[in-house]
Amino acid sequence: MSELKDQIRKDLTAAMKARDKEQVAVLRMLQSAIVYEEREGSRHELNDAEVRKVVAREIKKRRESATIYAEAGRAELAATESAEADVLEQYLPSQLDDAALADLVAKVIAEQGAEGMKDMGKVMKAASAAAAGRADGKRLSEAVKAQLGA
């Protein structure tokens with residue numbers, strides 16, 4: 001079993017003992033998403049990196065829902081979705097700031113010997129591996145495009 005899955009399970013138990021209904025609901029949803037991915041998606045027990053991808057996907061869903069609710073004037077629902085995303089973020093490594101992301105991309109571009117947009121695919125692959133969950137794909141893509149001169 002991955003350490004991250006074990007930590008989520010321990011945190012769920014602690015939240016249940018503390019009678020923290022919101023935390024319990026979010027962690028149960030996360031466990032459900034992980035089990036679904038294991039049974040339906042990949043058909044094997046997930047490692048820590050794969051669990052982080054599931055967590056990131058669930059955070060992205062919550063952030064998108066919060067934006068939609070806010071645009072529709074449903075502030076209470078937007079706040080709930082944002083709070084759920086905040087709970088989930090504790091299971092991801094800290095995110096890179098813009099300067100650190102730009103440095104990482106510049107280093108990867110130099111390593112790959114990339115010269116233009118034609119090399120974006122190989123740069124994105126290497127940058128995604130180097131970022132290791134510390135930056136989402138959209139931010140990473142924007143940084144690569146900016147440095148490759150799109």
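Analyst: A residue is called buried when its relative accessible area is under 20%, and exposed when that area is over 50%. By that cut-off, buried residues make up 33% of the 150 residues in this chain. The model is a predicted one.

The chain has seven helices and zero strands, so described because helices and strands are taken as DSSP runs. Its C-alpha atoms fill a box of roughly 55 × 40 × 25 Å along the principal axes. The chain is divided into domain 1 (3-90) and domain 2 (98-149), and the centres of the two, taken over C-alpha atoms, are separated by 28 Å.

The largest pocket has a volume of about 610 Å³. Its lining counts 22 residues, and A56, G133, A135, D136 and G137 are the ones that lie nearest the centre. Of the elements, α3 gives the most, with seven residues. Both domains take part, since the lining draws at least three residues from each of domain 1 (3-90) and domain 2 (98-149). By class, ten of the lining residues are nonpolar, eight are charged and four are polar.

Domain 2 (98-149) is one of the two parts of the chain by the domain assignment, and helix α5 covers residues 98-112. This helix has 15 residues and reaches 21 Å from its first C-alpha to its last, close to the 21 Å expected at 1.5 Å a residue. Within α5, L101, L104, V105, V108 and I109 are buried. These five cover an arc of only 135° around the axis, which puts them on the same side of α5. On the other side of the helix, D103, K107, A110 and E111 are exposed.

Most residues other than glycine have a negative phi. R19 has a positive phi, near 60°, and is not a glycine. The residue is also exposed, with a relative accessible area of 72%.

To return to the part you asked about, the largest pocket is lined by residues from both domain 1 and domain 2, with α3 as the element that gives the most.

Notes. Residues numbered from 1 in each chain as written. Predicted model: local features only at pLDDT ≥ 70, side-chain atom pairs only at ≥ 80, totals over all residues. Heavy atoms only, no water. 1 Å grid on protein atoms, 1.4 Å probe; cavity = no way out; pocket = protein on both sides within 12 Å on 5 of 7 lines; lining within 4 Å. Points joined across faces, edges and corners; volume = space filled by probe spheres on them. Helix = DSSP H or I, 4+ residues; strand = E, 2+ residues; numbered from the N terminus. Nonpolar A, V, L, I, M, F, W, Y, C, P; charged D, E, K, R; others polar. Domains from an automatic or database assignment. Expected span 1.5 Å × (residues − 1). Buried < 20%, exposed > 50% of the residue type's maximum accessible area, 1.4 Å probe, protein only. Arc of directions from axis to C-beta.
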